[in-house]
Each structure stands twice: as C-alpha cells, then as structure tokens.
Amino acid sequence: MIRALRIISSNPLSLTGLVLVLLILAAALFAPLIAPFPTHNGSVVDFAFANRPPSTRNWMGTDLVGRDIFSRILYAYRISLGLGVVVLIIAAPVGTVVGLMAGYLGGWIEAVLMRLVDVFLSIPPLVLAIAVLGVLEPTLANAMIAVTVMWWPWYARLVYSIARSEREEGYVLAAEVIGASTAHITIREILPNCLPAIITKMTLDMGFVIIIASSLSFLGLGVQPPTPDLGSMVAEGARYLPDSWWMTVFPGLAILLAVFGFNLFGDGLREILGVDE
Amino acid sequence: MSPVLRILSRRLGISVIVLIGVSMLIFAIARVIPGDPARIALGPNATDDQVAAIRAEMHLDEPIVAQYGYFVADVLRGDLGESLYTNRRVTTDIAEFLPATLELVIVAGFMMVAIGLPLGILAARHRGRWPDHVVRVLTLLTVSAPSFVWAVILMLLFSFYLPLFPVAGRLNDSYDIARTTGFLTVDTLLAGNFAAFIDALHHLILPAIALALSGIGQAARLTRANMVETYDKPYIEMAQAFGFFPSRIARRYAFKPSLIPSLTIIGLDFAAMLGNAFLVEAVFAWPGLSRYGVAVILRKDLNAIMGTVLVIALTFLVVNIIVDLLIAFLNPRIRHSTRATS
Amino acid sequence: MSNLLDIRDLKLAFKGLSGLSEVLHGIDLSIAAGERVALVGESGSGKSVTARIILGLLQETPNARVSGEVEFDGRDITAMRPRDRARLRGTEMSMIFQDPTSSLNPTFTIACQFAEVMRRRDPRMKQAECDARATEMLTEVSIPDPERVLNAYPFQLSGGMNQRVMIAMALVNNPKLLLADEPGTALDVSVQAQTLRLMHDLVEMHHTAVLFISHNLGVVREFADRVYVIYRGRIVEEGPTDAIFHAPGHAYTRALMDAVPRITGAGLPEVPEVSDDFLAPMVRHDGGAA
C-alpha cells in the first residue's frame with residue numbers, strides 16, 4: 001500500500017489522475033453542500049437569470065430556464081458515478097463467474113459460454129444498449145440494465161483468457177492432484193491471479209461507463225429531465241450553439257475531466273499491479 | 001486446404017453461430033417489450049377485432065419457438081417487415097440510410113489507422129522520453145470524451161468560430177447528384193462532378209474526425225504498448241547490432257510484429273464506430289442510420305429496431321472476418337502453417 | 001603489433017533510483033586482428049555489457065554512463081557520433097546472440113533478412129545478387145539446401161539451422177570483428193559443439209577476430225587463443241588459453257574450472273560460494289598479445 005502510494009506519487013500523471021478522481025468523488029458526494037444553488041437539481045425555473053453566460057454568480061452560466069449549470073453538473077456527477085458503480089458491481093462479478101467457469105472447466109461449458117459471450121460482443125456496445133433501451137422505457141434504472149447487459153461479456157473474456165492459461169500452471173495441477181474441489185481451485189487458486197486485471201479494468205471502465213451512460217442520455221434514452229445528466233445537458237445546449245456555448249461546453253468538459261481522471265489513475269494502477277494492456 | 005482458406009471457413013462457421021445467437025438475442029429483446037406488440041403496432045384507437053387480426057398475422061398466438069421460426073424465415077428471405085414509422089419496408093429504409101453511415105465510418109476508420117498507428121510508432125520509438133509523454137497525454141485525452149463531445153467542440157471551433165467547415169448535412173443542396181451507391185464521395189465522382197465531390201468531402205471531414213478521435217487514441221496506445229513489448233525481443237537487439245537506423249528498426253522490425261496483436265482490437269474499435277456514429281450523426285444532422293434508429297426506438301417500431309440491429313451486427317461480423325483474414329495474411333506463422341492453428 | 005580493438009580503463013555505471021551503481025570498474029582488454037579471444041565470467045559479471053559497449057549500443061541508453069577508451073581499428077568509438085557508430089555495426093563488426101531462433105525476425109524470410117544486412121554495406125545490391133551471395137554463405141556454414149532455407153521463416157527451421165544462418169549473416173559483410181554472446185547456449189550440447197567448430201573454421205578462413213563471451217570455461221578451451229576471466233566488473237586473470245588451463249593463477253578461475261565438469265550445455269556454472277580470494281589482484285600470464 002505504501003509502495004503503491006510511492007509509485008503513484010512518483011509519476012505526475014498518475015498522481016493527477018488520483019487527485020482528479022478524488023475531487024470528482026468529493027464533488028459528487030458533497031454536491032448538496034458545495035452547489036451554490038442546490039435546488040437547481042430539479043424542475044426549478046428562474047427566468048430572471050435565464051440563458052446567462054458565465055459570471056461571478058453563475059460560474060458556468062445558466063440554462064434556458066435559469067438554472068445554475070455548475071450546480072447541475074455537480075448533481076449530474078452523482079448520477080454518473082452512481083450508475084457506474086452499480087453497473088460495475090453487477091457486471092464484473094457476473095462476467096468473472098462466467099469467465100472462470102468457461103476457462104477452468106473447459107469442454108462444452110466453455111464452448112457454450114464463450115459463444116454466448118461472442119454473441120454479445122458482436123454487437124457494437126452502444127447499439128446493444130440502445131436496442132435494450134429501445135424496448136424498455138428510457139429511465140435511469142433501465143439505462144443501468146442496458147449498460148450492464150453490454151458490459152459483463154468483457155469481464156468474461158478477460159477472466160476467461162487468464163483462467164485458461166492458469167489452468168495449465170503447476171500450482172493448479174498440484175491442487176488437482178491433492179484432490180481440491182473445483183470451487184476451491186477456481187476461487188482460491190485462479191481468482192486471485194485475475195484480480196489485478198479485474199481491478200484495473202474496473203477503474204478504467206468507470207470512465208467508459210460514464211461515456212456510455214452520457215451517450216445514452218445524449219440520445220434521449222437515459223436519465224430523463226428534470227434530473228440533471230451530463231449527456232442530456234450537452235444535447236440540450238447543442239441546439240443553442242454557438243451563442244449559448246456554455247450550456248454544452250461545460251457539461252462536455254465535465255465528462256472529459258471525469259473520464260480523463262479515471263483513465264490516468266487506471267493507467268497508474270496498471271503499472272503498480274503489473275497488468276498487461 | 002490452404003491455411004488462409006481454413007481460417008476463412010472456420011471464421012465463417014463461427015460467424016453463422018454468432019449470427020444465430022444475435023438473431024435469438026434480438027428476438028428475445030423484442031419479446032420482453034412490455035405490452036401487446038399488436039396493440040403497439042395499431043395504436044390506442046384500434047378495435048379488438050383489428051388487434052386480433054394483427055395478432056394472427058404476426059403469429060403472436062403461436063408458441064414462442066414457432067414465432068422465432070417465422071422471424072428467421074423472414075430474415076433469410078431478406079424480409080425485415082414494415083416500419084411503423086415510415087410505412088415502408090425496413091430493408092428499403094436501411095438501404096437508404098446505411099450508406100451515409102458506412103461512408104462516415106469508413107473515412108473515420110481510415111483516419112484511425114493513418115494517424116493512430118504512426119503516433120503509436122513515434123511514442124514507442126521514443127519510449128520514456130518526451131514525445132512518448134506528449135502522445136500519452138494527448139491520446140488519453142482523446143479517449144476520455146464521448147464522440148458527441150468532440151463533435152460539439154469541433155463544430156464550435158471549426159464551423160462557428162473559424163467558419164472552415166459546414167455545420168450540417170452531407171452535400172450542398174445546389175448539387176443534384178444521382179444516388180447510385182449512396183456513398184456521396186463515390187456518386188459525385190461517378191457523375192463526373194468534381195466540385196460536388198470536394199463539397200461532399202468537405203462535409204465529411206469534421207464528423208469523421210469527431211468519430212475517429214477516440215479510435216485514434218486507442219490505436220496509438222495499443223500500437224505503443226505492443227511495440228514496447230516487441231522492443232525487448234532479441235531480434236530487435238540483433239537489428240541494432242547490425243547497425244540499422246532507429247527509424248528503420250521502428251518501422252520494419254518493431255512495428256510489423258506488433259501490428260498483428262493490435263489488429264484484432266483495431267477491428268473491434270472500428271466496429272464500435274458503428275455505434276458511436278449514432279452520436280456524431282445527431283450533432284451534424286448527418287442523414288444516416290442513427291437518426292432513423294433513434295426515431296424508430298423512440299416510437300417502439302419493433303421491425304425497424306430489429307432490422308437495424310441485425311444489419312449492424314452483420315456489418316460488424318464482416319469487419320471481423322476481414323480483420324482475421326488480414327491477420328492470417330500478415331502473419332507468416334499462420335500463412336505457412338501446415339497444422340491447424342487457432 | 002597493432003591491435004584491432006583496444007579497451008583501456010573502461011567503466012560503466014547505471015543511473016538508477018538509488019543513485020549510480022557501477023557495473024564495470026575499469027577494464028583493459030585487447031584483441032589483435034584475426035585473434036580469437038574469450039571473455040569468461042558468471043552472469044552479471046559484466047561480460048555482456050562489455051560487448052554492447054564495443055558495439056556502441058549501451059552508449060545510447062539514457063541511464064548508462066560510460067567512460068574510458070574503446071579504440072576500434074584506430075578510431076575511438078566512445079567519441080563517435082551515434083550515427084557513425086551505427087555505420088560500423090553490421091559492416092566492420094557484427095554480433096551473434098544466445099538464442100538464434102528468437103534473434104531472427106519472425107516476420108521476414110531468411111532471404112529478406114540477408115538482403116537487408118548486405119545492403120548495409122552496399123544499398124544498391126539487387127535481390128538476385130543478395131540471394132546468390134547468401135547461398136554462397138549458407139553453403140559455407142554447411143547448410144545442405146540453401147534455397148529452401150532462404151525461402152523459409154525462422155520458425156520453420158531448427159535451432160541449429162538458425163544458428164548457422166545467424167553465423168552466416170554475421171559474416172556475410174566480412175566484418176573485422178565478430179562478437180559472440182554465449183552462442184548456442186540455448187541449443188543441445190552436441191549441436192552447440194558442432195556449430196562452434198564450424199564458427200572456428202570460418203573465422204580462421206576469413207581472418208575475422210572474435211570476442212567470445214561465455215560463462216563456460218570448457219566451451220572456450222577449444223575455441224579461443226586467449227582468455228580473459230571477469231569477476232564482478234573486474235578482469236581477474238588474462239593469458240593464452242593453454243597457460244590459463246594449465247596453471248590457473250586466480251582463485252576465481254580455479255573455482256570456475258572446478259565447475260566445468262558439472263555443466264551440461266545450458267546450465268550456469270555453479271561456483272560453490274563467494275570467497276574473499278575472488279577479490280585478489282589480477283593474474284597476468286606472459287605470452288598474451290596485450
């Protein structure tokens with residue numbers, strides 16, 4: 001742990017990533033305390049201040065009905081990060097179990113499971129999520145379902161490739177010889193070898209889930225108004241380009257900043273945990 | 001059988017299995033839709049008799065397996081049904097909108113390879129030094145924003161502040177070009193109208209860059225990572241020992257063996273652009289498959305949704321087959337193998 | 001007698017997280033034209049880095065600090081520009097490596113790699129001329145069907161075959177100096193012995209000087225005219241091969257020699273334990289060229 005901190009802080013880029021991630025987590029957690037206009041989180045109108053460029057009152061300007069964009073971005077981070085955490089907490093274990101089973105058991109289980117994974121992977125991720133949302137109602141919960149459905153196969157494939165090579169390793173064979181159970185071998189022997197790769201992938205994926213979720217809401221298929229979401233804020237503002245540029249540019253940069261932070265940090269983590277790209 | 005043919009047949013076999021799976025998946029998604037598909041198709045004002053008639057026509061009262069059978073039989077005949085949104089055959093709609101999307105994706109894919117790979121080579125050659133750090137930060141930035149954010153930023157900068165590129169559309173209305181292939185860059189040339197060709201290209205550049213940016217970043221990062229690994233191989237030291245210049249070693253000795261593992265992922269990235277095209281098309285009012293796709297999704301137009309997803313999955317599989325063949329062709333180990341390799 | 005290679009007081013240090021760590025502490029080594037010299041020591045003793053300094057490769061590594069003189073053919077290599085050093089490699093001096101199969105590029109045919117090497121000397125050589133010369137060289141290293149080998153990729157050939165290809169490639173431009181870093185250690189003992197004999201005959205015929213780097217005193221006995229023994233970045237003994245084998249003067253040399261019978265091909269010599277005697281001053285036998 002101390003070694004990890006030393007490596008992170010010896011690399012200015014990874015350190016920047018860590019700081020960004022912490023800042024954004026803090027912004028999301030303490031949004032009600034930090035936001036200058038906490039009520040602008042919902043369907044509030046303040047036409048007196050509508051469509052204002054950035055000022056000392058509204059650092060990032062206001063939207064069409066006068067809501068403070070900075071406050072809405074802070075609340076939108078709550079939604080994005082929350083969605084990311086839920087998706088990964090479901091997708092990573094599901095994919096890991098599938099990958100472990102396919103990789104260690106082999107045979108027809110491997111064939112069936114991995115073909116199933118191939119099926120999911122052969123539809124572009126965003127299109128799959130759009131299709132799932134196409135038949136469900138576009139809500140936050142359904143967006144989570146859609147993104148989870150498209151996400152687990154990537155973990156299955158990652159864990160599968162590691163488990164398959166570990167299957168041939170001496171320590172696994174040794175455990176088999178002394179008669180360890182399948183559950184014991186997969187969970188106690190093989191899984192720990194997959195963890196660094198899974199953790200790194202989860203960090204990097206936080207960024208990508210934010211991208212996908214904001215893409216869905218950009219298309220109007222995710223979080224619905226008046227709940228603030230970075231993607232739908234960009235979509236809304238894009239109609240008023242170039243004059244009301246702040247309505248799109250700041251939410252867009254907010255996405256960039258968050259994802260960039262997770263990517264930088266994930267890259268650093270990869271070095272510490274020694275995971276191949 | 002030659003190894004390349006064997007790979008092709010193996011790949012085609014897997015693709016057929018995957019396509020069957022995709023069709024089941026799409027069918028399953030279409031059936032979990034809440035509510036009665038017949039009622040949705042007819043709208044709230046239909047009578048019960050009308051609904052019953054449509055239910056019979058859509059085979060909705062038969063067992064689910066039979067319904068799937070009808071669906072597959074229709075698809076195999078090239079019949080994707082009728083769109084409730086446009087009241088036209090779904091195949092007609094797709095034929096109209098797909099070329100615009102493909103044109104965008106192909107140009108973006110070309111940019112990804114033409115810019116991403118050289119950037120990766122540059123970073124790998126100077127690994128650990130400043131060009132590497134610069135490329136790392138830049139590429140990490142490009143992969144850190146969804147393509148619609150890049151689209152908005154590029155549009156703001158290069159269409160509004162610097163009016164260099166058009167804001168929307170594929171071609172100036174003043175040109176009347178016969179749609180032969182649907183690819184306007186090709187059609188304008190077929191029509192012999194060079195000014196229109198330039199105009200089509202002019203419209204294409206900004207959306208293509210927006211779509212390509214994250215792909216460029218990923219291709220560069222991947223190429224760098226694989227090349228850095230290759231640089232540790234003994235044959236690189238041997239090339240250095242024989243006095244080849246660093247630029248030559250980078251291009252000929254380190255890049256080529258690194259390209260093979262990169263290609264699979266680059267193929268996947270290319271295919272992911274089919275999805276991201278939805279976002280870029282929305283910003284640039286590009287009349288492609290996405291506007292159609294989003295419109296039919298919001299209207300719960302089942303036939304059109306299923307058709308669109310199926311066509312995209314098919315395109316995706318074709319891209320993967322091409323990539324696999326390219327790998328087989330580039331990798332002498334596969335091309336000259338006498339035993340089966342996977 | 002003027003030497004082809006003269007190394008004087010060569011020092012090397014690497015800059016690491018914990019400051020500079022010195023790897024070579026001032027080495028003197030010389031090779032006359034056409035002479036076969038062996039540099040023997042355990043792994044980590046500094047023998048491989050010495051070869052890479054002669055080639056000019058380590059000088060281009062950012063964290064390496066090299067000092068001292070390396071005079072090759074009358075010119076000081078350490079003072080040269082990187083580009084001029086690169087010009088010498090592959091033409092005036094070349095190197096062969098431990099594992100032949102992984103040292104040849106997997107994505108090009110042998111013919112293609114030969115042509116690349118030959119064009120180092122003469123960029124205008126046509127493919128047909130290159131192939132003809134390569135065939136000649138492959139015949140010299142006793143490869144029975146050169147045409148088949150030329151059209152093959154390294155992974156289609158056996159390790160022994162690749163070893164011969166690499167020797168032929170290293171000698172095709174008639175270099176004055178050949179550096180051999182543990183050649184054939186990755187191969188079977190019998191194949192290794194065979195290729196070493198072949199290399200011995202070839203360099204004698206072409207009058208090529210060789211610096212043979214090995215951890216195995218037994219292997220160099222047949223091959224070298226003169227031997228340097230290196231221990232922890234210092235030369236501890238130097239002299240004609242016979243003199244060293246008949247009267248090893250340094251404790252470390254004797255320890256290495258005791259280790260010889262137990263080595264089978266790829267095994268590293270098991271020098272029993274570290275002894276203070278190993279740090280004793282250098283022993284120089286008369287009759288050496290230096």
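Author: Two chains are in contact here when heavy atoms of one lie within 4.5 Å of heavy atoms of the other. With that cut-off, this predicted model has two pairs of chains in contact, and chains A and B share the most contacts.

Reader: How do you know which chains are not joined by a contact?

Author: Chain A and chain C are that pair: no contact joins them. Their closest C-alpha atoms lie 11 Å apart.

Reader: Thanks! What makes up the contact of chain B and chain C?

Author: Chain B gives 21 residues and chain C gives 29 residues. Between them these chains bury about 2,400 Å², with 63% of it on carbon and sulfur atoms. On the chain B side, B:Met238, B:Phe242 and B:Phe245 lose the most area to chain C, together 26% of what that side buries.

Reader: Why is the pairing of B:Arg252 with C:Glu116 called a salt bridge?

Author: A salt bridge needs a side-chain nitrogen of Lys or Arg within 4 Å of a carboxyl oxygen of Asp or Glu. For B:Arg252 and C:Glu116 the closest N and O atoms are 2.8 Å apart, which is within 4 Å, so the name applies. The count between chain B and chain C is three salt bridges.

Reader: Turning to chain C, how do you know that β1 and β2 are paired?

Author: Pairing takes at least two bridges. Strand β1 (residues 3–16) of chain C is joined to β2(C) by 11 bridges, so the two strands qualify. They run antiparallel, and C:Phe14 stands opposite C:Ser21 in β2(C).

Reader: What makes β2 and β5 of chain C edge strands?

Author: The open sheet has four strands in the order β2-β1-β4-β5 (chain C), with antiparallel pairing. Strands β2 (19–32) and β5 (75–76) each pair on one side only. Helix α1 (residues 47–55) of chain C lies across β1, β2 and β4 (64–72), running at about 115° to β1(C).

Reader: Why is helix α11 of chain C called mostly covered?

Author: A residue is buried when its relative accessible area is under 20%. Seven of the nine residues of α11 (residues 251–259) of chain C are buried, hence the description. Among them are C:Tyr252, C:Leu256 and C:Met257. What covers the buried residues includes β3 (36–40), α9 (217–223) and β9 (226–231) of chain C.

Reader: And what makes up the annotated stretch of chain A, residues 77–266?

Author: An unreviewed UniProt entry annotates residues 77–266 of chain A as "domain: ABC transmembrane type-1". Over these residues the chain is 83% helix and 0% strand, and the end C-alpha atoms are 19 Å apart.

Terms used: Residues are numbered from 1 along each chain as its sequence is written. Chains are lettered from A and ligands numbered from 1 in the order in which they are written. This is a predicted model: local features need pLDDT of at least 70, side-chain atom pairs count only at pLDDT 80 or more; totals for chains, interfaces and linings use all residues. Side-chain values use heavy atoms; hydrogens and water are left out. UniProt positions are given in the numbering used here, feature names are shortened, and annotations may be inferred rather than shown by experiment. Axes are lines fitted to C-alpha atoms, for helices over the stretch in contact, and angles run from 0 to 180 degrees between N-to-C directions. Buried means under 20% relative accessible area, exposed over 50%, partly exposed in between (1.4 Å probe, protein chains only). Buried area is the accessible area (1.4 Å probe) that two parts lose on being put together, summed over both.
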